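Welcome, and thanks for opening the viewer. Let's take a short walk through the model, one selection at a time.

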Amino acid sequence: MFVGAGTAAWAFPCVTNAAYADPVTRYGHDVLGGAGEFGALELRTTHPPVWELPRDIPFTGKARRETVTVRLPEERVFEDLAPRIYDLDGDTCREAVVVESHVERGAQLAVYNGSGEKIAATPYIGRAFRWLAPVGIGDLDGDGAVELAYVDRPHLAKVLRVWRYSDGALTEVARAEGFTNHQIGWDRVAGGLRDCGDGPEMIVASDDWRDVVALRFDGSLRARRLAEYSEKAMEDALACR
């Protein structure tokens with residue numbers, strides 16, 4: 001309740017946590033080892049109080065919390081290990097980033113807000129049973145905008161693609177062939193994003209799984225070999241060792 005005559009509105013819901021629900025078999029790709037296909041996304045959200053007038057009256061209540069469930073139609077599934085929660089537009093309110101697949105068009109990277117609306121997405125790859133493996137999310141080039149990176153078809157095309165989120169849309173800003181981060185049947189994705197003190201780098205494997213590779217984005221993609229590939233070498237790279 002409010003002390004005095006002040007009033008407040010509830011801000012747009014922010015995603016504080018998220019999880020997949022309703023495991024399904026209607027797609028049957030099984031790229032993640034028989035798991036990783038879901039029919040629903042549960043968003044835990046918070047509605048912070050926002051003053052209307054006057055601002056100097058203390059608010060003694062709490063932010064409103066609720067769970068929003070997104071249920072997909074039969075022709076789509078979430079094909080992913082876990083949602084990623086990130087503030088993409090710098091408004092201090094986080095969104096959920098997921099891998100979503102269509103039974104005829106394959107996978108896309110999609111963004112859901114706290115109301116459960118899909119507010120942005122990359123195009124579907126274009127064919128059933130074609131998947132993408134996320135690498136990371138962050139301001140990769142230091143310009144203030146957030147980029148999202150993934151490997152497009154890590155078992156086939158092996159293309160690292162970088163998309164920028166701006167003005168409510170995802171726009172591709174870079175791509176490079178010859179990289180991967182997943183093998184069919186793995187219930188994990190190798191590599192990720194690191195910052196060893198001189199800016200973010202994407203850590204992936206070479207397309208033949210011989211090398212651990214770091215890629216930096218500064219308008220274009222620059223790659224350098226770090227070590228011979230092994231699980232430990234990948235973990236060391238992510239830990240800046």
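Begin by selecting L140 and E147: the backbone nitrogen of L140 lies 2.8 Å from a polar atom of the E147 side chain. That falls under the heading of a polar contact, a pair of N or O atoms within 3.5 Å; within protein, one must be able to donate a hydrogen and the other to accept it, and residues adjacent in sequence count only if both atoms are side-chain atoms.

Before moving on, a word on what you are looking at. This is a predicted model, in which local features need pLDDT of at least 70 and side-chain atom pairs count only at pLDDT 80 or more, while totals for chains, interfaces and linings use all residues. Residues are numbered from 1 along each chain as its sequence is written, and side-chain values use heavy atoms, leaving out hydrogens and water.

**Stay with E147**

Colour strand β12 (residues 146-152), and you will find E147 in it. Strands (E, at least two residues) and helices (H or I, at least four) are DSSP runs, numbered from the N terminus. Is E147 buried or exposed? E147 is buried, with a relative accessible area of 0%. Here buried means under 20% relative accessible area, exposed over 50%, and partly exposed in between (1.4 Å probe, protein chains only).

Now show the surroundings of E147. Setting aside neighbours within four places in sequence, its contacts (heavy atoms within 4.5 Å) include G136, D141, W163, R164 and F217.

**On to the cysteines**

A disulfide is a covalent bond between the sulfur atoms of two cysteines. The rule used here asks for a pair of cysteine sulfur atoms within 2.5 Å, and by it the count comes to two.

Select C14 and C93, which are joined with an S to S distance of 2.1 Å. C14 sits in strand β2 (residues 14-23) and C93 in the loop between β7 (84-86) and β8 (95-102), so this pair ties together parts that are 79 residues apart in sequence. Look along the S-S bond: at -120 degrees, the link is left-handed. C14 is buried at 12% relative accessibility, and C93 is buried at 8%.

Next, select C196 and C240, whose sulfur atoms are 2.1 Å apart in a disulfide. C196 belongs to the loop between β16 (192-195) and β17 (200-206), and C240 to the segment after α1 (231-238), 44 residues apart. This link is left-handed, with -95 degrees about the S-S bond. C196 is partly exposed at 37%, and C240 is partly exposed at 36%.

To finish, number the bonded cysteines in sequence order: the pairing reads 1-2, 3-4.
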